[in-house]
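Dear colleague,

I am handing over the structure we spoke about, with the sequence alongside it. Please open it first, and then read the notes that follow.

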Amino acid sequence: MASALAEIPTGLVGDVAAGRGSLLDAAEQRFGSQVDYVATDVDRAVVRFLRRERAHWTTGRCDILNPASRRASSCFRNVAFDAVLLNPPFSYRGGQSRSITFGGREYRSSPAAAFVSAAISLLHCDGQLVALLPANSLLSQRDEALWLAIGRTAHVEVLDQYRRNVFPGAFARTTLVRITRRNLTNSPDQDGSASAVARLPQRGCVCVEILRGRVPMHLLKRWSAGQQAPLLHTTHLRSGNILHSSQSAELRLATQGPFVALPRVGKPLAEKVAIYRQSEQLVLSDCVYALRTRDGGRLDQLHQSLLSRFGDFSRYYSGSCAPYLTVKRLGEALAKMGWNPLAVDASSPLLQTCQCSDRNRSSKRADLGFPSFYGGDSIAL
Ligand SMILES: C[S@@+](CC[C@H](N)C(=O)[O-])C[C@H]1O[C@@H](n2cnc3c(N)ncnc32)[C@H](O)[C@@H]1O
């Protein structure tokens, strides 16, 4: 889990359900004395152990799910964490709901999601949390509203999924997630309702590559030989996040990240627009679009452009029973938001040269239609 953290040159790393401190031990092996370590736990005996055995850490007792206990803890006073590692107790598994406040709103959630939201509130504005959670937490209906709210202030990535009994005490299937807070300075309201269009960059590169996925799901088996890359289909777009896929297809069909993914086909839903921040290649199904910016910059801004007026954007999808979005219409929508859309092949390398000076020419190209590989229903593979 410590290796899933991005590099931290200096700062504070914590575990708020620290137990005997094995996660922070791993962090310390990785980051050494360049960062400071804070370990808290609700269990007095555990805290005594930590004080004795890890005297160079800051340690204290705190019930992290209790706001009064968090406020009273000197470990959290006037500090913001660069990273938190979290392996909450799995014995909470089952029906108990917790009432928690996140982003000024009340939610009822599973204990695991409550631990996550409490830990996020301790991070500084672009801090990161790596957590091992029961697999059902990300998918359960009970936690859906809270995960959506988390997704509006942080980027949630599923790094791995494990079967039962892989970790001591974790009888359930588990999921390893990395949650990186978004620095919201200069970006739309957290509830996504504000207009981001007005906040579009007036200077700098506004090129957006449109990449249409080209692997039909019913033909996936055709590309199961050779070097593989994970698949990205609409079912993997969930609650503003990209879920890890166990399916794959030939690497030569893959698209390089980072990008914003959105459905080409199906009911337009804001929760299915998600940022993929990694450069690792994914094969897009023919139901998905990827939007890439030059060198992967301004992805949050692009994401917010789509979400902030999602009602308007969804009208670019046409067809009543199975709505779909053509490349041309997507290009028109992006141009209207102030971006410079360019349709490219799904396997093309990430754009490195700004094409904004060709802006007039490329918007004319949108009127004339996009290159031939977008011409019909069947796409050359
Ligand atoms: C699975 S263990 C964590 C192991 C630990 N991260 C490690 O690296 O060894 C879960 C810990 O959560 C603590 N805990 C349970 N409820 C808590 C709460 N509400 N606030 C803080 N700690 C809690 C337990 O005392 C236990 O030590």
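Which residues does Val116 touch, not counting residues up to four places away in sequence? They are Leu86, Leu129, Ala131 and Ile179, where touching, or contact, means that the C-beta atoms of two residues, placed from the backbone, lie within 7 Å.

Before going further, please keep in mind that this is a predicted model, in which local features need pLDDT of at least 70 and side-chain atom pairs count only at pLDDT 80 or more, whereas totals for chains, interfaces and linings use all residues. Residues are numbered from 1 along each chain as its sequence is written.

The chain has 381 residues, of which 41% are buried; a residue is called buried if 20 or more other C-beta atoms lie within 10 Å of its own, exposed if 12 or fewer, and partly exposed in between, with C-beta atoms placed from the backbone. Its secondary structure comes to 10 helices and 19 strands, taken as DSSP runs numbered from the N terminus (helices are H or I of at least four residues, strands are E of at least two). Of the contacts with a separation of 6 or more, 70% are between residues 24 or more positions apart.

The largest nonpolar core holds 51 residues, and Val116 is among those with the most contacts inside it, as are Leu24 and Phe115; such a core is a set of buried Ala, Val, Leu, Ile, Met, Phe, Trp, Tyr and Cys residues joined through C-beta atoms within 7 Å. Helix 4 (residues 111-120) gives the largest share of this core, eight residues. A second, separate core has 46 residues, including Val260 and Tyr289.

Turning to the sheets, an open one of five strands has the order 16-15-18-10-19 with mixed pairing, two strands being paired if DSSP finds at least two bridges between them. Strand 16 (274-276) and strand 19 (340-344) are the edge strands, each pairing on one side only. Strand 15 (residues 259-263) is joined to strand 16 by three bridges in the antiparallel sense, and Phe259 stands opposite Tyr276 there. Helix 7 (residues 299-308) packs on this sheet, touching strand 10 (207-212), strand 15, strand 16 and strand 18 (288-293).

Another open sheet has three strands in the order 14-11-17, again with mixed pairing. Strand 14 (248-250) and strand 17 (283-284) stand at its edges with a single partner strand each, so one side of each is left without a neighbour in the sheet. Strand 11 (residues 228-232) runs parallel to strand 17, with two bridges between them, and Leu232 stands opposite Leu284.

Some backbone details deserve a look of their own. Most residues other than glycine have a negative phi, and most peptide bonds are trans. A cis peptide bond, with omega about 0°, joins Gly257 and Pro258, and Pro258 lies in the loop between strand 14 and strand 15. In the loop between strand 18 and helix 7, Asp295 has a positive phi of about 55° although it is not a glycine, and Arg298, found in that loop, also has a positive phi of about 55°. Asp295 is partly exposed, with 13 other C-beta atoms within 10 Å, whereas Arg298 counts as buried, with 20 C-beta neighbours inside 10 Å.

With best regards

How values were computed
Axes are lines fitted to C-alpha atoms, for helices over the stretch in contact, and angles run from 0 to 180 degrees between N-to-C directions.
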